[in-house]
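Subject: Structure handover

Hello,

Here is the structure I promised to pass on. Please load it before you read the notes.

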Amino acid sequence: MGFVQWASLQLFSLLLLSFSTAFSLPENVTEDLQWGAYRPGLYFGLRPRSPQSLLTGLIWFGTQNYQSLAKARHACDQGDGLDSYTWTIFDPRHGGVQVLEDSPNNVEITTELLKVAGGQHGGSWAARVKGKPLDPALPSRISTIFYVGLEGLGGLDLITDEDENGIEGPIEFSGATPDLDEFTIRIVDDPDNRAVTTGPHSEVFADRLGKSHFVGLRVGSGQVWTAKEFVMQSLLQRAGPIAEQYRQAERAPDPSFVLQLPDETVTASNLFAVQKFFDGEFEFDIYFESASALQKLDFDTIDHGITALVSSFNDRFEAHFPIPESFAVFDREGLRSFSKVITSNLLGGIGYFHGTSIVDKGFAYEWDQEDEDSYDDEDETLEEGARLTEPRALLTATPSRSFFPRGFYWDEGFHLLHIGEWDNDLSLEILKDWINLIDENGWVAREQILGEEARSRVPPEFQIQVPTFANPPTLTMAVTAFIDRLKAHNDGPSAADLGMDYAMGSAQIPLMDSPQAGNTYLSYYKGLDFLRSIYVPLKRHYDWFRSTQRGQIKQYGRKARSRTEAYRWRGRSETHVLTSGMDDYPRGPPHAGELHLDLISWMGFFTRTMRGIAEFIEEVEDAESFKEIEMAIIDNIDDLHWHEDAQMYCDLAINTDDESEHVCHKGYLSLFPFMLSLLPPDSTHLGAIFDLLCDPDHLWSPYGIRSLSASHPEFGKGENYWKGPVWIQMNYMVLSSLFKTYAVAEGPYQERAKEIYAELRKNVVENVYKEYQRTGYVWEQYDALTGEGRRSHPFTGWTSLVTLIISEKY
């Protein structure tokens, strides 16, 4: 038997219990999702999906000089100047491998995580942290600090004998919490590790060199997330007086002799930190063992388990996201590795958040103040000023670990398209958490800034959420994608029976029939139950959109077949419509009478999705009502928003004469009815849309479709967020509509749709891959003229949709 086969069997034995448990009790599909890298804003932070429980994190800094301490790494930060940090593989159920390249400290750190199922409390896990010099010709001296802290009920104790000069050998903690029950944590060095033990004044520090150092602290409720500040303060309090003794010395002690934790604990400590020092290559392991799992973890567990995990991940990735042979690629293996990385980073960016948020129910811009209040409780409508809500919990993907490590409604629907293709049940776990956030009125905050840790990464002016402000309802995209998978997995009802026979194409590949973690809800009746469980709150959310975002038709003499279907984003300012997701995209002046094309298009898609769910779960009357609304919306998109002279779809504004007029800005906005497949394949407007799309003087570029016409007077001006740059999720929507609808349905534009699709797909993939090779990152957006990555990085939220584009999973 070959080594890989043997290692695969080892991993299988480690995971067997969780698989057998999950499939003997199919309603419990989340046990192997209890632990994870659910602190995505940290370079390496683990926690369980429990509101108050155990938190862990990794800190490191260079000891080549004293100044490096001020640049200790902990939270992901673009300012740290890391060359790259990326999960090369990651599966939320099993673990992964992350590589962090830190050239300022001349170290490449690899973190390996292996989740080991067993017991009744979420299983155990093992982590390996190892490092090596990026440049072997230069010194690489690193100090790492691994901490573990406990929030809420329970206890945590250091059971290894303490020593005021540090500890040699393994360090062990024991603890217990209501959710994790009893557990132990061990930290074990590799025997080949070495530290600096010689140098000026080494004889003074000899008793403390080459050892692990520690501290145990008592921190207040809700403060464990600030562990770095407490730990570093403890280090500095000890180091300061020692350093002062050598201020006048000709040669100072090596920083690793001085910058040490104090080797002391206080009574009832709930935060412990263990510090190590390394000179050159290093490696140490961390074992979290759940007492109920009855399994001892060791070096071989990680060594063999990670090897098997990598092999298993690669096989599964190839099955889920193959590169079609028809896709002409110069570097097929390189592109495949890149696709794995961006998928892994999306999955490794999933976080668990819990806490209060800040809501102001009384705020409104002057052009929104005429709206009838959407709340039934009259006292509630009079409440003004920002207030904290009750704590809520959320499992969610995040757009960017460095810049946006929290949940965003606008982004999450796109995230779930990708996650759902990898692990259906995980995507539904996340979707369910988002739907649980829908309040009694039907509102969901567009940014989920839950708790002080999340708020610490958000400027104060963006922390407050307002219950009349919406965001594009992209969660409906995730629901539609789930029903696609459910259909592909079952030989049950036809597409027509499911009510989802619109604009779907025939590109779905049936999933494996064998039982597999992540596929429980692809069983027809389990899937049906899930849809029934989300239908009522999702319908409440839909009704909230229709009541709070409704626009005016008859007040300005507008002519349309429906007198009700028109929509306007609330919450816009003079210069921005943040609620639309396209913040600074040009619009008309703010007015209670303006109408927004993108919002009515989203409502058309939302209505179509609700119709499909209603037909699926046999809510016949609702389905008929949704069908009528859908047709009314599609009619009104043409009646209200098509500008015949400009040959494009536009917003509507109110001019100085108090009359309605079209406001036309060529860009993403103009494409919405097409991007959401609301136009029939024989629409007479498609030709003009394709002309605009393909014109290099306007939207077409070698790097993807621009957000605003290159000929627009505001192109590239101001903050230049949505005034030209290429956004990958919008290009994905264009490609999806072409692939699933206009390139497959017979009509006058079918051949042209095929040509546009092929060239655009090639342009988007090649540019994002090229920029990743050049910079080590994927980016939030790409320059409209050069294709260079811009703004936040790594941005493996919706930019990771490139994996779906490569494998044609729309």
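**Whole chain**

Keep in mind that this is a predicted model. The chain holds 20 helices and 28 strands. Its radius of gyration is 28 Å, close to the 28 Å that the globule rule gives for 810 residues, so the chain is as compact as a globular protein of that length. The C-alpha trace spans about 90 × 60 × 55 Å along its principal axes. Of the 810 residues, 62% are buried. Take the contacts between residues at least 6 apart in sequence: 71% of them join residues at least 24 apart.

**Helices H11 and H13**

H11 covers residues 475-489 and H13 covers residues 524-548. Their axes are 11 Å apart, and the packing angle is about 165°. An angle over 145° counts as roughly antiparallel, and H11 and H13 are therefore roughly antiparallel to each other. The crossing is left-handed. H11 contributes Val 479, Phe 482, Ile 483 and Leu 486 to the contact. From H13 come Tyr 524, Gly 527, Leu 528, Phe 530, Leu 531, Ile 534 and Leu 538. By class, this contact has ten nonpolar residues, one polar and no charged.

**Helices H14 and H15**

H14 is residues 597-616, and H15 is residues 620-641. Here the axes come within 8 Å and cross at roughly 160°. That makes H14 roughly antiparallel to H15. H14 passes H15 in a left-handed crossing. On the H14 side, the residues in contact include Leu 597, Ile 600, Met 603, Arg 608, Arg 611 and Glu 615. On the H15 side, they include Asp 622, Phe 626, Lys 627, Glu 630, Ile 633 and His 641. The class count for this contact is eleven nonpolar, five polar and six charged.

**The loop between H17 and H18**

H17 spans 686-694 and H18 spans 728-742. Two residues in the loop between them are worth a look. Gly 718 lies there. Gly 718 is exposed, at 76% relative accessible area. In sequence, Gly 718 is 134 residues from Asp 584; in space, the C-alpha to C-alpha distance is 8.8 Å. Asn 720 is found in this loop too. Asn 720 is not a glycine, although its phi is positive, at about 50°. With 22% relative accessibility, Asn 720 counts as partly exposed.

**Other backbone points**

Asn 106 also has a positive phi of about 50° and is not a glycine. This residue sits in the loop between strand E5 (95-102) and strand E6 (107-116). Is Asn 106 buried or exposed? Asn 106 is buried, with a relative accessible area of 9%.

There is a cis peptide bond from His 793 to Pro 794, with omega near -10°. Pro 794 is in the loop between strand E28 (789-790) and helix H20 (802-807).

**Leu 388**

Leu 388 belongs to strand E18, residues 386-388. Leu 388 is exposed, with a relative accessible area of 58%. Which residues does Leu 388 contact, leaving aside neighbours within four places in sequence? The contacts are Thr 356, Ser 357, Ile 358 and Arg 455. Ser 357 is 31 residues from Leu 388 in sequence and 5.6 Å from it in space, C-alpha to C-alpha.

Best wishes

Definitions and conventions: Residues numbered from 1 in each chain as written. Predicted model: local features only at pLDDT ≥ 70, side-chain atom pairs only at ≥ 80, totals over all residues. Heavy atoms only, no water. Axes fitted to C-alpha atoms, helices over the stretch in contact; angles between N-to-C directions. Helix = DSSP H or I, 4+ residues; strand = E, 2+ residues; numbered from the N terminus. Parallel < 35°, antiparallel > 145°, perpendicular 65-115°, else oblique. Left-handed = near helix turned anticlockwise from the far one by under 90°. Contact = heavy atoms within 4.5 Å. Nonpolar A, V, L, I, M, F, W, Y, C, P; charged D, E, K, R; others polar. Rg over C-alpha atoms; globule rule 2.2 N^0.38 Å. Buried < 20%, exposed > 50% of the residue type's maximum accessible area, 1.4 Å probe, protein only.
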